[in-house]
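Please walk me through this model in the viewer, one selection at a time. Tell me what to pick next and what is there.

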Amino acid sequence: MSAPVTVKDVNAHSFVKAYAAHLKKSGKLDIPAWTEYCKTGAYKELSPLDNDWFYVRCAAIARHIYLRGNVGVGALTKVHGGKIRRGTRPSHHANGSGNVARKCLQALEKLNILEKDNNGGRKISSTGQRDLDRISAQVVKTKLAAEQQ
């Protein structure tokens, strides 16, 4: 019998991609109507090219909170920020959109993947941890199947 697979054992990119596909396939995630038109940060010039960017952001947030508990909106804006290009002046870090982070947290809370922590911020719930571990086991299984072929 092999050891159980957790989110920590899986490549971040492949996990986020698989979990975003799972969220989209389930159809339970509430997506705001404005996601078609918004930018993901004030420093951005354009909105995301991928139409499923909200699923990917929710999956990345769920993974981040799985790895570190007590995460709030401010920490997520810092993580999902980028560099603001200021022309000939040096670039600086700019935070991502707080509204996008907040709506992702609220949508994941509604699915019972996250719950509010007593110390502030959010933490992963027991059902959320079970779901994320199940998806990570599927990612490992598909990777092993691809290697055998």
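Start with Asp-117, which sits in the loop between β3 (114-116) and β4 (122-124). Keep in mind that this is a predicted model.

Is Asp-117 buried or exposed? Its relative accessibility is 16%, so Asp-117 counts as buried, the cut-off being under 20%. Now show its surroundings. Leaving out residues up to four places away in sequence, Asp-117 touches Asn-70, Arg-122 and Lys-123.

**The core**

Next, select Phe-15, Tyr-19, Leu-29, Leu-108, Ile-113 and Leu-132. These residues have the most contacts inside the largest nonpolar core, which has 32 residues. Colour by helix: α1 (12-26), α2 (53-67), α4 (98-110) and α5 (126-148) each supply at least two residues of this core. Which of them gives the most? The answer is α2, with nine residues. In soluble globular proteins, nonpolar side chains tend to be buried together.

Zoom in on Leu-108. Setting aside neighbours within four places in sequence, Leu-108 is in contact with Leu-29, Cys-58, Ile-61, Ala-62, Ile-113 and Leu-114. Leu-29 and Ile-113 are also on the list of core residues with the most contacts.

**The rings**

Now show the aromatic side chains. How many aromatic pairs are there? The count comes to two. Phe-15 and Tyr-19 form a stacked pair, 5.8 Å centre to centre with 5 degrees between the planes. Both lie in helix α1, four residues apart, about one turn of the helix. Both Phe-15 and Tyr-19 are buried.

Then move to Trp-53 and Phe-54. Their ring centres are 5.8 Å apart and their planes stand at 85 degrees, so this pair is edge-to-face. Trp-53 and Phe-54 are both buried.

**The pocket**

Last stop: select Ala-18, Ala-21, His-22, Lys-25, Arg-134, Ile-135, Gln-138, Val-139 and Thr-142. Together they line the largest pocket. The elements giving two or more residues to this lining are α1 and α5. Of the elements, α5 gives the most, with five residues. Colour the lining by type: four residues are nonpolar, three polar and two charged. How much space lies in the largest pocket? About 170 Å³.

Technical notes: Residues numbered from 1 in each chain as written. Predicted model: local features only at pLDDT ≥ 70, side-chain atom pairs only at ≥ 80, totals over all residues. Heavy atoms only, no water. Core = buried A, V, L, I, M, F, W, Y, C linked by side-chain atoms within 4.5 Å. Buried < 20%, exposed > 50% of the residue type's maximum accessible area, 1.4 Å probe, protein only. Contact = heavy atoms within 4.5 Å. Phe/Tyr/Trp six-rings, centres within 6.5 Å; stacked < 30°, edge-to-face > 60°. 1 Å grid on protein atoms, 1.4 Å probe; cavity = no way out; pocket = protein on both sides within 12 Å on 5 of 7 lines; lining within 4 Å. Points joined across faces, edges and corners; volume = space filled by probe spheres on them. Nonpolar A, V, L, I, M, F, W, Y, C, P; charged D, E, K, R; others polar.
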